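Please look over the sequence and the structure before reading on.

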Amino acid sequence: MPTQWTTFPVEFKGGLISNQSPLQQGINSIGSTTILQNMEPDRQGGYTKIKGYQKFSSTEIPGTGNIQGLKVVSNGRAVVARKIDQAAIDATAALSSGDLNKTGYYFGTGTAWTHMATSPLTGGGKVRKATFNFDGDDKTIFVDGTNYPVVYNSSGNTMSFMSSSTQHISTDLEGAELITVFDNSVVYSKNNNIYVSGQFTEANITGGGAVNIVANVGNTVTGLAVFREKLIIFTEDKIQSLVRTDASPFFKIEPVTDKIGCISSDSIQEFGGDIMYLAPDGLRLLSATDRIGDFALDVTSDRIFKDADDFLRSTPNYCSIIIREKAQYRIFAYVGSQSTDTSEGLIATKFIPQGGSGVEWSTTKGIKAFVADSIYSGTSEAIMFANEDGYLYEMEQTNGFDGSNIETIMETPYMPITDPEVRKTAYKLTLYTDPTGQMDLKFRLLFDFDSGGDTSIIQPEEIDIGSTTGGSGVFIFGQPNSIYGGTGVLYGSKLKRVYNENLIGSFHTVAMRITSDSTNPPFTLDSAILQYRQNDRQ
C-alpha cells in the first residue's frame with residue numbers, strides 16, 4: 001500500500017502573539033509567531049527583515065551625555081541638542097566657560113555640526129518640540145522643562161530663545177515641559193497648567209496681552225495631541241479634551257476618561273488616523289467611534305500581552321516614531337546601562353485604516369534610541385534617532401546595524417496540524433521567500449514543545465537555506481551594496497525564491513524556527529508547506 005503524504009500549508013501572517021496558551025495559538029492562529037525579532041509584518045504579505053541604520057555624520061555631536069533633543073528638518077538636515085562639556089567649549093568659538101552644562105543646539109547636514117544656540121540656564125531636561133508655519137516660514141519650537149522656549153527657523157536657518165522681554169510673553173512659559181500646535185496656536189504645558197498662544201503666533205494674543213492660562217487640569221500633564229479638531233490632554237490617570245469656543249473664555253475642557261491616562265509623552269504619535277500612546281496597561285489607541293464626540297480606547301497591545309508587560313517593566317524612558325510609508329509605529333525602551341545589542345523595541349503595523357484590531361506586532365533588538373524623529377518630505381521619508389554615544393543615526397538605511405549584523409528570528413507556535421495526540425512523520429518542506437539579494441537562513445523544525453528533558457523526542461538538525469553564488473548574488477540596479485561585476489554576482493541571473501528540503505523526524509506538534517544573522521539585504525518569508533504522513537493512533 002503506498003505511503004499517503006498530506007500537505008499542510010502555513011501562510012505567514014498575524015505577527016507576534018503572546019496572549020494565548022501555546023497549543024491554543026497553534027490551533028487558532030496558524031502562521032502567527034511566538035518570536036518575531038527584527039522582522040516586520042509586511043502589508044504585501046509575509047514577514048520581512050527590517051532595514052538597518054547608519055551614522056548620519058561621522059562627526060560626533062559636541063557635548064556629553066544623551067542627545068537631549070532631535071528635529072529632522074528634511075532629508076540631510078537635522079537639529080540636535082546636547083549638554084555642553086569642556087571639550088565642546090574648547091572647540092567652539094561661540095562658547096565660553098560660563099556655558100558649561102547648559103544645553104547647546106547644533107545644526108548638521110551630514111558633515112560637521114554647527115552651533116546654533118545655547119540655553120540661558122543649566123539643568124534642562126529632555127527636549128520636546130512642535131513644528132508650524134504661521135507666516136510662510138517653517139519653524140520648530142523646543143522646550144526643555146527649565147528654560148524659555150527656543151525657536152528654530154528653517155527658512156533662514158536661525159535659532160533664538162524667547163525671554164522675559166519677548167513681547168506679550170508670560171513668564172510662566174519659562175520651564176515649559178510639553179508643546180504642540182492646535183488650531184493655529186502653540187500650546188504649552190507646565191506641571192498642571194495648559195497655556196495657549198494667540199492664533200498665528202508663538203506667544204502674544206491678538207490685540208496684545210499675555211499667553212492665556214487656559215486651565216489647571218488637576219494633575220501633571222503627561223502628553224498633548226491633536227485629534228479631530230480637539231486638543232487631547234493626557235495625565236497619568238485622566239484624558240481630557242480642549243475645544244475652542246466662540247465666547248469668553250474661548251476654551252473649554254471636556255472629560256474623555258477618568259480611568260486611565262498616559263505614562264510617557266514620548267510614546268504619543270498619530271498612527272493611521274488614531275493616537276497611539278503608552279498607558280499603564282500597555283499601548284492604547286485613542287480613536288473615534290460612530291457616536292459624535294465619543295472616543296474608543298482600545299488596548300491594542302493585548303495581542304502581545306507578555307511582551308508588552310516585559311517592555312513596560314524595563315524602563316520609564318521611551319521614544320517613538322512613525323514610518324509613514326509602512327503605516328508603522330515603533331517605540332523603543334531606553335536603558336542607559338544596556339548595550340546597543342540588547343536594546344529592545346516594539347513595531348506595530350496597521351493593516352486597516354482605524355482601530356486596534358488590524359494591528360500586527362513584532363520586536364526589535366539592536367536599536368538603542370533615547371530620542372527619535374521622522375519627516376516625510378517630497379517623495380521620501382527621513383527617520384533618525386540618537387542615544388548617549390554622541391552620534392545621530394539614519395534608520396531604514398543599509399542592511400546592517402551601523403555595519404553590524406542584524407539578527408532576525410521568526411518562530412511559529414507549536415501546531416498540532418490535526419489531532420495533537422496522533423504522531424506524524426515529516427518528509428518534505430517547501431519554503432516560499434521573496435529575497436532582494438543574497439540570503440542565508442537557518443531553518444529548524446521544533447517537535448513537541450522542544451521537550452529537551454524527554455530523551456524519546458529527537459529534535460531535527462538545523463538546515464541551511466540560501467547560497468552565496470548564482471541567483472543569490474544577482475545584481476539589482478539601485479540596491480545598496482549591489483555591485484555590478486562584483487564577486488559572486490552573476491549578471492542576468494534570477495533570485496531563487498522557492499526552496500525544497502527533505503525532512504526527517506516524527507512529532508505530535510511542530511513549530512518552525514527561521515533565523516538569519518547577517519548584513520544581507522531584506523528578504524520576506526511568505527509561506528511554507530510541510531508534507532507529512534499521519535501515523536496510526538497508538
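Does C262 count as buried or exposed? C262 counts as buried because its relative accessibility is 0%, where buried means under 20% relative accessible area, exposed means over 50%, and partly exposed lies in between (1.4 Å probe, protein chains only).

## Basis of the report

This is a predicted model, in which local features need pLDDT of at least 70 and side-chain atom pairs count only at pLDDT 80 or more, while totals for chains, interfaces and linings use all residues. Residues are numbered from 1 along each chain as its sequence is written, and side-chain values use heavy atoms, with hydrogens and water left out.

The predictor's confidence in each residue is given as pLDDT, from 0 to 100. The mean pLDDT of the protein is 89, and 89% of its residues reach 70 or more. In residues 469-478 the pLDDT is below 50, and this stretch has 30 contacts in the model beyond near neighbours in sequence; a contact means heavy atoms within 4.5 Å. The pLDDT is also below 50 over residues 485-490, a stretch with 11 contacts beyond near neighbours in sequence.

## Overall architecture

The protein has three helices and 40 strands. These elements are DSSP runs numbered from the N terminus, with helices (H or I) of at least four residues and strands (E) of at least two. Among contacts between residues at least 6 apart in sequence, 59% join residues at least 24 apart.

Of the 538 residues, 52% count as buried. The protein exposes about 23,000 Å², of which carbon and sulfur atoms supply 46%; accessible areas come from the Shrake-Rupley method with a 1.4 Å probe, and for residues only the protein chains shown count as cover.

## Cysteines

C319 is buried, since its relative accessible area is 3%. A disulfide is defined as a pair of cysteine sulfur atoms within 2.5 Å, and by this rule the count is zero disulfides.

I321 belongs to strand β26 (residues 318-323). The relative accessible area of I321 is 1%, so I321 is buried. Leaving aside neighbours within four places in sequence, I321 is in contact with Q269, Q328, Y329, R330, F332, A372, D373, I383 and M395. The C-alpha atoms of I321 and D266 are separated by 9.0 Å, and the two residues are 55 residues apart along the chain.

T515 is part of strand β39 (residues 510-518). With 16% relative accessibility, T515 counts as buried. Beyond its neighbours within four places in sequence, T515 contacts T408, I409, D440, L441 and K442.

## Loop residues and a surface patch

N38 sits in the loop between β2 (35-37) and β3 (39-41), and its phi is near 55°, a positive value in a residue other than glycine. N38 counts as buried, because its relative accessibility is 1%. N184, in the loop between β14 (178-182) and β15 (185-190), has a positive phi near 60° and is likewise a residue other than glycine. N184 is partly exposed, as its relative accessible area is 35%.

F449 occupies the loop between β35 (439-447) and β36 (463-467), and at 38% relative accessibility F449 counts as partly exposed. Together with L23 and I27, F449 forms a nonpolar patch on the surface, with about 240 Å² of accessible area in total. Patches are made of residues with over 30% relative accessible area and no salt bridge, with like charges joined within 9 Å and nonpolar side chains (Val, Leu, Ile, Met, Phe, Trp, Tyr) within 5 Å. A salt bridge is a side-chain nitrogen of Lys or Arg within 4 Å of a carboxyl oxygen of Asp or Glu.
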